[in-house]
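Subject: Model handed over, with notes

Hello,

Please find the structure below. My notes on it come after.

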Amino acid sequence: MAEKLKVIPLGGLNEIGKNMTVVEYGKDMIVIDCGLGFPEDDMYGIDLVIPDVTYLANNRQKLRGFFITHGHEDHIGSIPYVLQAVNAPIHGTALTNGLIRLKLEEHDLLSTTKLVDHKPGDMVKAGCFTVEFIHVNHSIADAVAFCVHTPVGRLIFTGDFKIDPTAPDGMTDLARLGELGKQGVLALFCDSTNVERMGYTPSESSVTEGLDRQFKGCDKRIIVTTFASNMYRIQSILQIAKRYGRKVAVTGRSMENILKVASDLGYLEIAKDTVVDITQIKSIPKNKLVIVATGSQGENMSALYRMAFSSHKQVDITAFDRVLISASAIPGNEKAIGRIINELYRKGAEVVYDRAEGLHVSGHACQEELKLIHALIQPRFFIPLHGEQRMLQVHAKLAQTMGMSPKRVFVADLGQVIEFTAKTCKLTDTVPAGQILVDGSGVGDVGNVVLRDRKHLAEDGMIVVCVNLSGLDGGVLSGPDIITRGFIYVKESEDLIEALKFIVTDTLELCQEKKIRDHTAIKAAIKSALSGYLYKTTKRDPMILPILTVL
């Protein structure tokens, strides 16, 4: 029986971020992108969310390489963690690999990982696959789409993209995509992030004009926050600052790192004497200074956050500051950004953040650009990627308006195997998939049970009951002592504490009468008695932890 081509999304479906897709045929497998996601509000204490790579680990002998479309966190952020489970060469463009190299150095993995630089037009052999790099526009330089030439047919993965005719690095290579479309494409896997927006995504050049308007005639210090990875935006800020005779200082670790990588690789042109160290800004008149800072998403401890809450060592926000937020909120970050904006206003700063001011454009294609890609490529089958369920469904409908039969459009789930022959496509089995939670240095050691406990503690607090029991007859030697955290203020609730002690004592005496010596049974009895009483009297349900010590 002939081998089937399998495509398995391990991330990026029914979610924003965490993008990862496996392509497998026979004894060969490649992975496209290796991104992370950010924790939701109820993931207490979680730092990052990465894909479950159990399937990769179980098939590591097949893995021929990772192919990365671009250098955003939702496409490269999981690499240091995944490499601890499976290792294979990483293929990307120069800037993408430069950013990956920073991550590998942080995790002491650089010496054991092979990074291979490529440019658009390159064809890379990986087992039975040949992966072609195709230039696309995005909000970071060096972004590419992939055409994966397989024994069954061509697969095109757009990655994140838009079509920008005035992009500094040239427009998305529509000619090559159209050429591949004429040759025949088995399946298109396409970015769905902006599919709900009609029309076209504005050009990055419109942001340059918006920034220039904010600089022109401004007699204040200007502070700009944007995505650190957006080289074109940073380049525009440097050029506009020079035009108006301003020095530029950069603050924030990710901004400093990316500025160094981009300038070392030649992606940024920095005029002589334009950039100054952040420690030198006190000697520069405010109306001659621009500060470029991290914090466009309201991240705790980012440079803008520290400025807003007066903990930045070099920058104090005053009424002589104009703060430009040149970014849009990633879903879920609106509250954090709003908190910073409110604090900046409290300090008297002028804050410009409205989209109408033209300070930000998306890096993702809107409906008309997506239609153009569908028309050029004319795939036999279509699978939307990179989006929540509503986005995937809207993109599926959009493909049908372009003349595709509903039978040739597939909305898959994470871990679902999409199986191809030269003429067929179907959704078949599932493989292990989902999310692994990263908490500090721990990867995967926090699961649903721990999260449930953290949620319980956050919402209702905790009561600890300590009792010393006799090792001879199980009688109470001392206690019970009641300790609470996050439940009540003890000094104002002494009557309730005494009532709880009485209930515990009563329960222990009952266990003694029934000759119950099993500690698990005694703890369960204490928890049951206390939780019933507490809910009846307070309508609260704190976590109850009985601790029995035998002396």
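Predicted model: local features only at pLDDT ≥ 70, side-chain atom pairs only at ≥ 80, totals over all residues.

Residues are numbered from 1 along each chain as its sequence is written, and side-chain values use heavy atoms, with hydrogens and water left out.

The sheet. Helices (H or I, at least four residues) and strands (E, at least two) are DSSP runs, numbered from the N terminus. An open sheet is built from six strands in parallel pairing, in the order S15-S14-S16-S13-S17-S18. S15 (275-276) and S18 (350-352) are the edge strands; each has a single partner strand, so one side of each has no neighbour in the sheet. Two strands pair if DSSP finds at least two bridges between them. S14 (residues 247-251) pairs with S15 over two bridges, and Ala249 has Val276 of S15 as its bridge partner. Helix H8 (residues 253-264) packs on this sheet and touches S13, S14 and S16, with its direction at about 120° to that of S14. Axes are lines fitted to C-alpha atoms, for helices over the stretch in contact, and angles run from 0 to 180 degrees between N-to-C directions.

The cores. A nonpolar core is a set of buried Ala, Val, Leu, Ile, Met, Phe, Trp, Tyr and Cys residues joined through side-chain atoms within 4.5 Å. Buried means under 20% relative accessible area, exposed over 50%, and partly exposed in between (1.4 Å probe, protein chains only). The largest core has 59 residues, and Leu56, Phe66, Ile79 and Val290 have the most contacts inside it. Helix H7 (residues 231-243) supplies the largest share, seven residues. A second, separate core has 31 residues, including Phe189 and Cys425.

The threonines. Thr294 sits in the loop between S16 (289-293) and H9 (303-308) and is buried, at 10% relative accessible area. A polar atom of the Thr294 side chain is 3.2 Å from the backbone nitrogen of Ala303. Thr421, in the loop between S20 (416-420) and S21 (425-430), is partly exposed at 24%. The side chains of Thr421 and Thr424 make a polar contact of 2.5 Å (a pair of N or O atoms within 3.5 Å; within protein, one must be able to donate a hydrogen and the other to accept it, and residues adjacent in sequence count only if both atoms are side-chain atoms).

Regards

Technical notes. Contact = heavy atoms within 4.5 Å.
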